[in-house]
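Take a walk through this structure, one feature at a time. Keep the sequence at hand as you read.

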Amino acid sequence: MAEEAVLRYLEKNEEISDSGEFAEDRGLSHDDIVNIIKSLNGFRLVDAQDIKKERWVLTDEGKKYAEAGSPEVQLFLAIPAEGIAREDLQKKLESSIFKIGSQQAIKNKWIEMGKSQVSRKVQQVEDKIKILLLQIQNGEAVSSEDIDALKRRKLITQQIWKGYSVRKGPKYAPKRKKAATDLTRENIQRGDWKELEFKEYNFSAKGQPLEGGHLHPLLKVRRQVQMIFLQMGFEEMPTNNFVESSFWNFDALFQPQQHPARDSHDTFFLKEPSTTKTLPEDYVDRVKEVHENGGYGSRGYGYEWKREEANKNLLRTHTTAVSSRMLYLLAQKPFAPKKYYSIDRVFRNEAVDRTHLAEFHQIEGVMCDRGLALSDLIGVLHEFFSRLGMSKLRFKPAYNPYTEPSMEIFSYHEGFKKWVEVGNSGMFRPEMLQPMGLPEDVQVIAWGLSLERPTMILYGIDNIRDLFGHKVDLGLIKRNPVCRLGLQYMDSA
């Protein structure tokens with residue numbers, strides 16, 4: 001019906017000057033007219049030109065006052081000639097009407113409001129606000145001063161109306177002939193294909209966007225870090241066990257059983273199964289001995305080591321638990337130098353905030369060889385972090401129960417213009433390595449960092465909950481390209 005109205009009108013007239021007026025005159029929906037004009041314009045039956053009109057419309061609050069009157073008039077009419085107690089007046093009106101109406105009525109000098117009594121100062125008032133609102137609602141002209149007054153009270157808002165002016169196009173016809181989209185067998189048999197008008201192919205048209213899978217930013221950066229390790233000759237450790245025993249997570253690392261990290265405030269312990277069933281007994285005995293009495297040049301911790309503590313199951317607090325297992329297995333064979341890495345999830349009982357979650361991903365590198373020294377560790381760290389785009393490094397002495405010496409790693413952040421901590425490192429202690437059965441001249445250097453921190457810097461994310469967890473914006477995952485680690489690392493924050 002809308003299409004027929006447009007084409008028939010143009011058959012006898014040069015132009016539809018305003019699609020809005022055209023639709024209103026014929027009792028048609030303007031949205032329907034607009035859709036038809038767009039379609040006819042696409043087939044060149046008509047030429048359409050955009051029309052934009054700015055107009056003022058009432059807000060929801062404005063519509064309410066246009067119907068019931070402005071708050072100041074409502075309040076004025078609620079005050080009897082003899083006056084009224086302020087408390088009684090408040091009961092007669094909505095709280096918002098009383099508050100706004102009081103301010104405007106006092107401003108207009110219509111009322112006098114004492115501490116307990118409210119009275120009229122004039123006997124009659126004109127509801128100018130309601131009159132103006134009704135004029136705008138009816139499309140009548142209103143002065144700029146009145147517009148500004150209504151805008152300040154947020155009773156009106158500007159709306160841009162869009163429509164079209166329409167003329168005949170180069171392919172105009174009083175009735176649109178439906179173009180065929182397919183040549184069928186029946187068309188050929190009947191011979192009517194000769195009279196058919198086929199729709200032209202639009203080779204510039206874009207197809208429907210493909211909805212495919214999208215890699216999470218953490219997975220993208222994880223892959224880049226993994227490639228750096230592989231290029232440096234490292235092999236990946238199996239990190240598929242989230243549940244670990246306290247023995248491998250703590251005791252094998254020469255971490256005393258009274259260490260604060262082993263409290264339930266910092267670690268998630270399992271209720272079921274609460275304990276591990278199998279541990280290498282001869283190795284357990286050697287670990288117990290070095291904890292209680294020392295050895296390998298150490299005095300130990302001098303406390304009573306308890307097997308029941310070591311048997312407790314937990315969600316691993318670091319992937320170093322995997323490293324301890326791998327080094328133990330390495331010690332059971334004739335020694336050969338190894339380079340291991342892992343990137344996987346760890347769990348800690350921490351309060352959740354913008355920089356901490358109860359679970360995160362740890363990147364860890366481990367090198368095992370004869371004659372390794374602190375200088376080797378520093379050299380490897382420079383090589384590894386330079387591939388991450390961090391060429392300026394500093395090291396600060398630190399303490400870890402299972403490494404000595406230990407170092408915190410700092411890199412200069414070009415965006416923040418300051419040194420920021422990016423990881424931790426050290427040389428595993430003899431008290432950890434010797435009970436495993438590794439030769440005395442074998443040293444192990446290791447370092448670790450979180451996966452989330454560099455990912456947040458690369459993607460410009462300042463709240464870890466926007467990166468990992470149930471609050472992640474899926475649009476972020478779809479929009480972001482693959483991140484390339486490199487010299488731009490520190491500039492992309």
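## Salt bridges, backbone, rings and patches

D282 is partly exposed, with a relative accessible area of 44%. This is a predicted model. D282 pairs with R286 in a salt bridge, and their closest N and O atoms are 3.8 Å apart. R286 is partly exposed too, at a relative accessible area of 30%. Both residues belong to helix 13. They sit 4 residues apart there, so about one helical turn separates them.

Why can such pairs form? Side chains of opposite charge can pair when their charged atoms come close. The count for this model comes to 22 salt bridges.

Now look at a pair that spans a stretch of sequence. D18 forms a salt bridge with K53, with 2.4 Å between the closest N and O atoms. D18 lies in the loop between strand 1 (15-16) and helix 2 (19-25), and K53 lies in strand 2 (residues 46-58), so the bridge ties together parts that are 35 residues apart in sequence. Is D18 buried or exposed? D18 is buried, because its relative accessible area is 8% and buried means under 20%. K53, in contrast, is partly exposed, at 36%.

R325 and E244 make another salt bridge, at 2.8 Å from N to O. This pair links distant parts of the chain, 81 residues apart. R325 is in helix 15 (residues 320-331), and E244 is in strand 8 (residues 243-245). R325 counts as partly exposed at 33% relative accessibility. E244 counts as buried at 4%.

Next comes the backbone. Most residues other than glycine have a negative phi, and most peptide bonds are trans. Some places in this chain depart from that pattern.

Which peptide bond is cis, with omega near -10 degrees? The bond from E272 to P273 is. P273 is in the loop between helix 12 (246-249) and helix 13 (281-292). A cis peptide bond also joins E404 and P405, where omega is about 0 degrees. P405 has its place in strand 13 (residues 403-413).

Phi can be turned to the positive side as well. K154 is not a glycine, and its phi is near 55 degrees. K154 is found in the loop between helix 9 (144-152) and strand 6 (156-168). K154 is exposed, with a relative accessible area of 63%. Y296 also has a positive phi, about 60 degrees, although it is not a glycine. Y296 is in the loop between helix 13 and helix 14 (307-311). Y296 is partly exposed, at a relative accessible area of 42%.

Turn to the rings. A pair of aromatic rings is described by the distance of the centres and the angle of the planes. How many aromatic pairs are there? The count comes to 20 aromatic pairs. One of them joins Y201 and F203. Their centres are 6.0 Å apart, and 35 degrees lie between the planes. That makes the pair tilted. Both Y201 and F203 are exposed. Elsewhere, ring pairs link F229, F234, Y341, F384, F385 and W447 into a cluster.

Now for the surface. Which residues form a nonpolar patch there? They are L183, I188, W193, L196 and F198. Together they have about 460 Å² of accessible area. Find W193 in the loop between helix 10 (185-190) and helix 11 (217-231). W193 is partly exposed, with a relative accessible area of 39%.

Charge gathers on the surface too. D263, D266, E350 and D353 make up a patch of negative charge. D353 sits in the loop between strand 10 (338-347) and strand 11 (359-370). D353 is partly exposed, at a relative accessible area of 30%.

The loop between strand 10 and strand 11 also holds A358. A358 is partly exposed, with a relative accessible area of 25%. How far is the C-alpha atom of A358 from that of W248? The two C-alpha atoms are separated by 20 Å. Along the chain, A358 and W248 are 110 residues apart.

Conventions:
Residues are numbered from 1 along each chain as its sequence is written. This is a predicted model: local features need pLDDT of at least 70, side-chain atom pairs count only at pLDDT 80 or more; totals for chains, interfaces and linings use all residues. Side-chain values use heavy atoms; hydrogens and water are left out. Patches are made of residues with over 30% relative accessible area and no salt bridge: like charges are joined within 9 Å, nonpolar side chains (Val, Leu, Ile, Met, Phe, Trp, Tyr) within 5 Å. Accessible areas come from the Shrake-Rupley method with a 1.4 Å probe; for residues, only the protein chains shown count as cover. A salt bridge is a side-chain nitrogen of Lys or Arg within 4 Å of a carboxyl oxygen of Asp or Glu. Lys and Arg count as positive and Asp and Glu as negative; His and the chain ends are not counted. The place of a charge is taken as NZ of Lys, CZ of Arg, CG of Asp or CD of Glu. Helices (H or I, at least four residues) and strands (E, at least two) are DSSP runs, numbered from the N terminus. Buried means under 20% relative accessible area, exposed over 50%, partly exposed in between (1.4 Å probe, protein chains only). Rings of Phe, Tyr and Trp (its six-membered ring) pair if their centres lie within 6.5 Å; planes under 30 degrees apart count as stacked, over 60 as edge-to-face and the rest as tilted.
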